[in-house]
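Reader: I am new to this structure and would like to go through its salt bridges. Could you show it to me?

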Amino acid sequence: MRDGTEALGLVAESTRRFTDSVTLLSDGQVGEATLIPPWTRGHVITHVARAADSYRRLLTGAIEGVEAPQYPSMQFRADQIEEGAKRPVAELVADVIDSSARFDEMMRTLPEVAWRASVRMRPGELRAPAALPLIRLREIEVHHVDLAVGYTFGDIAADTAAWVIDDILMELGRRAEIRPLRLTATDTGLSRELGADGPLISGTQADLLAWLSGRTSGAGLSAEGAETVPPASYWI
């Protein structure tokens with residue numbers, strides 16, 4: 001996968017698909033359930049917009065040579081999402097487009113000193129600013145599925161899905177007591193291992209991603225070395 005400004009084109013395409021789906025919703029449908037309850041579609045859409053602002057907050061810190069928090073507090077994050085969740089579709093679409101454009105512009109004009117810095121993501125890991133477009137791509141693609149509007153994990157490009165799987169495994173691998181795990185995609189040949197001697201979970205790459213991200217209980221997957229497909233470890 002590409003990173004830095006090279007991935008911004010993929011982010012723009014992903015954002016367009018996301019906002020196209022939102023545009024087709026009625027104002028009433030904004031309040032309906034998603035794959036990540038208790039959030040409604042309005043919560044998910046607002047989160048996508050505010051997350052773009054949070055990346056700009058990180059980049060501002062990189063420019064200034066300080067470690068800026070992605071969000072001032074978790075309560076601040078929750079309040080922003082709640083306040084924006086019940087807006088009409090037109091406002092939600094405009095917010096995602098505008099906030100995404102501001103992030104894109106900031107990435108494209110980032111000074112050299114900022115590229116050499118590190119930013120600390122909300123879960124705690126340090127990332128290079130060059131990783132933010134791919135993190136943004138992950139966020140938009142997964143949350144597009146979360147909207148429950150017909151976009152599925154199978155619609156995510158195979159290389160993007162593979163990168164998201166790797167990103168989830170990297171986050172899980174940072175934890176001291178993570179359960180060992182092996183993954184094999186029956187359609188793309190993707191093969192990954194987290195720890196040693198864990199159960200082998202097999203299925204399509206889309207089904208693996210759906211399970212690993214906590215969106216399904218493992219439908220369509222098989223487990224070798226375990227009686228059933230275990231619950232996926234909490235991700236973020």
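This is a predicted model: local features need pLDDT of at least 70, side-chain atom pairs count only at pLDDT 80 or more; totals for chains, interfaces and linings use all residues.

Reader: How many salt bridges does a search of the whole structure find?

Author: The search finds 19 salt bridges.

Reader: What about R56 and D53, where do they lie?

Author: Both belong to helix α2, residues 41-64, and they are three residues apart, about one turn of the helix.

Reader: Let us change topic. Which residue forms a salt bridge with D167?

Author: The partner is R127, with the closest N and O atoms 2.6 Å apart. D167 lies in helix α7 (residues 158-173) and R127 in strand β2 (residues 126-127), so this pair ties together parts 40 residues apart in sequence. Both D167 and R127 are buried.

Reader: And what does D146 meet in a salt bridge?

Author: The side chain of D146 meets that of R215, at 2.7 Å, N to O. D146 is in helix α6 (residues 132-146), while R215 is in the loop between α8 (205-212) and β6 (222-224); the pair links distant parts of the chain, 69 residues apart. D146 and R215 are both buried.

Reader: Which residues do salt bridges that share partners join into one network?

Author: That network consists of R50, D53, R56, R87, D95 and R102.

Notes: Residues are numbered from 1 along each chain as its sequence is written. Side-chain values use heavy atoms; hydrogens and water are left out. A salt bridge is a side-chain nitrogen of Lys or Arg within 4 Å of a carboxyl oxygen of Asp or Glu. Helices (H or I, at least four residues) and strands (E, at least two) are DSSP runs, numbered from the N terminus. Buried means under 20% relative accessible area, exposed over 50%, partly exposed in between (1.4 Å probe, protein chains only).
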